[in-house]
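Hi there,

Here is the structure I promised to pass on to you. Have a look at it first, and then read my notes below.

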Amino acid sequence: MAQMPALIPKEVEIQRLKKLWLIVIAMGSTAASVEVDNFVDGSLHQTSIRDSAFTPAHWWLYSHFITLPLGWAAAAMYDRRIPILRGPNNSINTGLKMTILGYLATMFTIGVNEMWHFWFVEEIFAVPNHWMFNMGVVVAFMGALAYVVRVYARLVELGAETPGENPYVAEMYKMALEGKLYSRSIP
Amino acid sequence: MTLPKGFGSGGGGGSSSADVERMIGKRVENMTGMITASYLAAWAATFGGTAAGYFYYPWAYPTNSGHFAFIILTIIEAIGYIFCVKVMQEGSNKNSNGVVAGAVGGTAVGTLLISMFVGF
C-alpha cells in the first residue's frame with residue numbers, strides 16, 4: 001500500500017482530518033434532511049398553490065442552499081492546513097472546486113427560479129428552471145463525494161480508520177491509495 | 001520532520017511532543033461538549049422553524065405536517081450527533097456514551113411531548 005509523504009506530523013494530520021470530518025458529518029445531516037424535504041415540498045405543491053417563495057417547505061429546501069455552501073467554504077478554508085488535500089499547483093482541492101461551482105449554479109438559479117415563477121407557471125417539478133437546481137446539486141455532490149472519499153482514504157492510510165471488510169470495498173480503497181481511483185486522479 | 005515556521009527548535013528540524021500538541025490545539029476527542037451544544041441548538045432551531053410554519057402559515061403547513069418534519073429531522077440530527085461523537089473518540093481513551101445517551105434521550109422525550117401538546 002503506497003504511503004503518501006507527510007508534510008506535517010501524523011498525529012496532527014489525523015486530528016485535522018477529523019476536524020474536517022466533523023464539518024462533513026454536519027453537512028451530511030443537512031443533506032439527508034433535504035432529501036426528506038424533497039417529499040415534503042413535492043406533496044405541498046400537489047395540494048397548494050405557490051402563494052409565496054417562503055412557504056415552510058421552501059424554507060427547509062432553500063436553507064441547504066445556504067448551509068451547504070457555507071459549510072463547504074469552512075471546509076475549504078480549513079483544508080489549507082492539510083497538505084495532502086491540496087489540488088494541482090497548490091490550488092484548492094479539485095473536488096472542492098466542483099462543489100463550489102455546483103453551489104454557485106444553484107445560488108444563481110434561486111434568482112432565475114423566482115423570476116420564472118413570478119412570470120410564468122406554477123410549481124411543476126419538470127420546469128426548466130428546476131433543471132439547473134438539480135444539475136448544480138448533482139455536480140456539487142459529485143465533487144463532495146470525491147473529496148470525502150479522499151479524506152477517508154487518507155484516514156485509512158494513516159491507520160485512523162479501518163477499511164471495509166467487504167473485499168470489493170477493500171479493493172476500492174486499495175486502488176484509491178495506489179492512485180488508481182479518482183481520489184488520486186482528482187487530488 | 002521539518003515543522004512549519006514558528007514550531008520546533010530554530011532550524012534544527014526536530015519536533016517535540018509539545019510542538020505537536022501546540023499544532024493540534026483542542027483535540028477532537030475533547031470536543032463532546034461543543035458537539036452536544038451544537039446538536040441541542042440544531043434541535044431547538046428545528047423546533048423554531050417548524051413552529052414558525054404552523055403558527056404563522058397554518059394554511060400552508062398544518063401542525064401535523066410540522067410535527068412530522070420535526071420528528072424526522074430530530075432523528076437525522078441525532079444520527080449525525082452520534083456519528084460525530086463516536087468518530088471523534090474512536091481510537092482514544094475517551095468515552096462519552098452517557099452524555100450522548102442523555103442528550104439523545106432528552107431530545108427524544110422533548111420531541112414526543114412537543115408533538116403531542118404544542119400547536120393544536
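Let's begin with one residue, Leu73(B). Is Leu73(B) buried or exposed? A residue counts as buried if 20 or more other C-beta atoms lie within 10 Å of its own. Leu73(B) has 25 C-beta neighbours inside 10 Å, so Leu73(B) counts as buried. Please keep in mind that this is a predicted model.

You will find Leu73(B) in helix α3 of chain B. Setting aside neighbours within four places in sequence, Leu73(B) is in contact with Ser33(A) and Thr46(B). For a sense of distance, take Gly91(B): 18 residues separate Leu73(B) and Gly91(B) in sequence, and their C-alpha atoms are 29 Å apart in space.

Next, look at how α3(B) sits against α2(B). Helix α2 of chain B covers residues 32-56, and helix α3 of chain B covers residues 63-89. They pack at an angle of about 170°, and their axes are 9 Å apart. Angles over 145 degrees count as roughly antiparallel, and α2(B) and α3(B) are therefore roughly antiparallel to each other. Among the residues making this contact are Tyr39(B), Trp43(B) and Thr46(B) of α2(B), and Phe70(B), Leu73(B) and Tyr81(B) of α3(B). Sorted by class, the contact of α2(B) with α3(B) has 13 nonpolar, seven polar and one charged residues.

How far apart are the end C-alpha atoms of α2(B)? At 1.5 Å a residue, the 25 residues of α2(B) should span 36 Å, and the end C-alpha atoms are 36 Å apart, which agrees. Several residues of α2(B) are buried, including Ile35(B), Ala42(B), Thr50(B) and Tyr54(B). The buried residues of α2(B) pack against α2 of chain A together with α3 and α4 of chain B.

In soluble globular proteins, nonpolar side chains tend to be buried together. Here, the largest nonpolar core has 34 residues, and of these Tyr81(B) and Cys84(B) touch the most other members. Both chains contribute: α1, α2, α3 and α4 of chain A, together with α2, α3 and α4 of chain B, each supply at least two residues of this core. Leaving out neighbours within four places in sequence, Cys84(B) is in contact with Leu22(A), Ile25(A) and Ile35(B).

Now step back to where the chains meet. The contact takes 21 residues from chain A and 23 residues from chain B. On the side of chain A that touches chain B, the elements giving two or more residues are α1 (10-47) and α2 (56-79) of chain A. Of the elements on that side, α1(A) gives the most, with 15 residues. By class, the side of chain A that touches chain B has twelve nonpolar, six polar and three charged residues.

Finally, a few words on chain A as a whole. What is its secondary structure? Chain A has six helices and zero strands. The C-alpha atoms of chain A fill a box of roughly 55 × 35 × 25 Å along the principal axes. Chain A has 187 residues, and 32% of them count as buried. Among contacts in chain A between residues at least 6 apart in sequence, 71% join residues at least 24 apart.

Enjoy exploring!

Best wishes

Technical notes:
Residues numbered from 1 in each chain as written. Chains lettered and ligands numbered in written order. Predicted model: local features only at pLDDT ≥ 70, side-chain atom pairs only at ≥ 80, totals over all residues. Contact = placed C-beta atoms within 7 Å. Helix = DSSP H or I, 4+ residues; strand = E, 2+ residues; numbered from the N terminus. Nonpolar A, V, L, I, M, F, W, Y, C, P; charged D, E, K, R; others polar. Buried ≥ 20, exposed ≤ 12 C-beta atoms within 10 Å, placed from the backbone. Axes fitted to C-alpha atoms, helices over the stretch in contact; angles between N-to-C directions. Parallel < 35°, antiparallel > 145°, perpendicular 65-115°, else oblique. Core = buried A, V, L, I, M, F, W, Y, C linked by C-beta atoms within 7 Å. Expected span 1.5 Å × (residues − 1).
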